[in-house]
Amino acid sequence: MSRLQATFERLRSRGEPALIPYFTAGDPSLALTAELVAEAARQGADVIELGIPFSDPLADGPVIQRATQRALRAGVTLPRVLELVRELRAEVSVPLVFLTYYNPLLAFGLKPFCQTAVEVGVDGVIVADLPPEEAGPLQAEARPAGLDLIHLVAPTSPTARMRKIARASSGFIYMISLTGVTGARTELPPDLLQRLRRLRGITTKPVCVGFGIGTPEQAAAVGRLADGVIVGSAIVRVVEEHAGSPVLVPEVGRFIAALKDARMGSGLAIRHVAPAAPRLRSRRYTVTRTLTHLARHDRPHCR
């Protein structure tokens with residue numbers, strides 16, 4: 001059983017969704033990234049995403065683009081991030097997942113990347129610009145190495161494509177909450193519950209939601225629906241605001257603790273997923289004010 005699978009099974013047995021913070025590796029430095037990851041784990045992060053800096057981050061909004069540029073200017077590369085993970089594994093036991101693009105992996109070599117990633121302690125990889133139809137060569141190296149390959153479901157993915165993505169993903173499935181790039185939003189998409197219900201109807205694999213989630217309240221609302229909540233830009237913004245300050249690590253830690261407390265406070269995590277339309281339908285009536293907004297939009301589609 002992989003570290004990701006064990007984590008989600010443990011959380012499901014408790015009825016808890018996973019909190020998954022994201023950091024751009026090397027922003028503001030690799031040494032501080034190590035401190036931030038360790039602090040996130042101490043504050044209750046269940047899985048941690050590390051973004052590999054890349055010069056053309058097409059899925060990322062301005063906050064993460066700026067972080068990427070800072071890391072690239074500091075000379076951060078994929079080999080250096082792999083070394084960072086090797087050092088982190090002496091202190092951090094939670095699953096670590098890379099978020100990257102295909103070009104750095106091709107440049108490194110798919111087989112060497114998968115083998116080295118597992119050797120140093122990486123559990124999974126998300127390749128933002130790699131559709132499942134083109135993922136065969138990477139999957140052929142990732143699977144025997146023991147590296148989970150996590151695919152993304154877009155808001156525009158029809159059911160047939162959701163099914164294909166669900167079959168191809170291991171570790172978990174990354175559901176993008178909105179059309180557009182990363183970055184915190186003031187409101188959650190009104191059709192999120194409907195799309196989650198559709199995806200849960202075709203897979204039992206964990207579903208984690210990212211893009212646009214920036215507050216503890218939003219994390220709590222999504223945590224009632226999904227197996228995991230991914231928070232990226234809002235955390236990277238805290239890093240940006242406190243870079244160079246001695247309070248950087250504790251400030252990021254406080255924000256992650258607030259996300260964790262809000263998410264844990266929901267007490268309504270979904271324990272099992274598919275086929276789960278009746279479960280979600282009954283759960284809709286137990287949500288709080290924020291989630292009621294989502295449920296109202298979903299109601300006309302109930303059967």
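Here are some questions and answers about the predicted model shown above.

Me: What should I know about the numbering and the model before starting?
Reply: Residues count from 1 along each chain as its sequence is written. This is a predicted model, where local features need pLDDT of at least 70, side-chain atom pairs count only at pLDDT 80 or more, totals for chains, interfaces and linings use all residues, and side-chain values use heavy atoms, with hydrogens and water left out.

Me: How many helices and strands are there in the protein chain?
Reply: Helices (H or I, at least four residues) and strands (E, at least two) are DSSP runs, numbered from the N terminus. Going by that, the protein chain has 14 helices and 9 strands.

Me: What share of the protein chain's residues count as buried?
Reply: Buried means under 20% relative accessible area, with exposed over 50% and partly exposed in between (1.4 Å probe, protein chains only). Of the 303 residues of the protein chain, the buried share is 57%.

Me: Which residue of strand 4 is the bridge partner of threonine 100?
Reply: Two strands pair if DSSP finds at least two bridges between them. Strand 3 pairs with strand 2 (residues 48-51) in the parallel sense over 4 bridges, and glutamate 49 stands opposite valine 97 there. Strand 3 is also joined by 4 bridges to strand 4 (residues 124-127), again running parallel. In strand 4, the partner of threonine 100 is valine 127.

Me: Why is helix 2 called oblique to helix 4?
Reply: Angles under 35 degrees count as roughly parallel, over 145 as roughly antiparallel, 65 to 115 as roughly perpendicular and the rest as oblique. Axes are lines fitted to C-alpha atoms, for helices over the stretch in contact, and angles run from 0 to 180 degrees between N-to-C directions. Helix 2 (residues 30-42) and helix 4 (residues 78-88) have axes 10 Å apart and pack at an angle of about 40°. That angle makes helix 2, relative to helix 4, oblique.

Me: Which residues of helix 9 are buried?
Reply: Helix 9 takes in residues 192-200 and is mostly covered, with 7 of its 9 residues buried. They are Leu192, Leu193, Arg195, Leu196, Arg197, Leu199 and Arg200.
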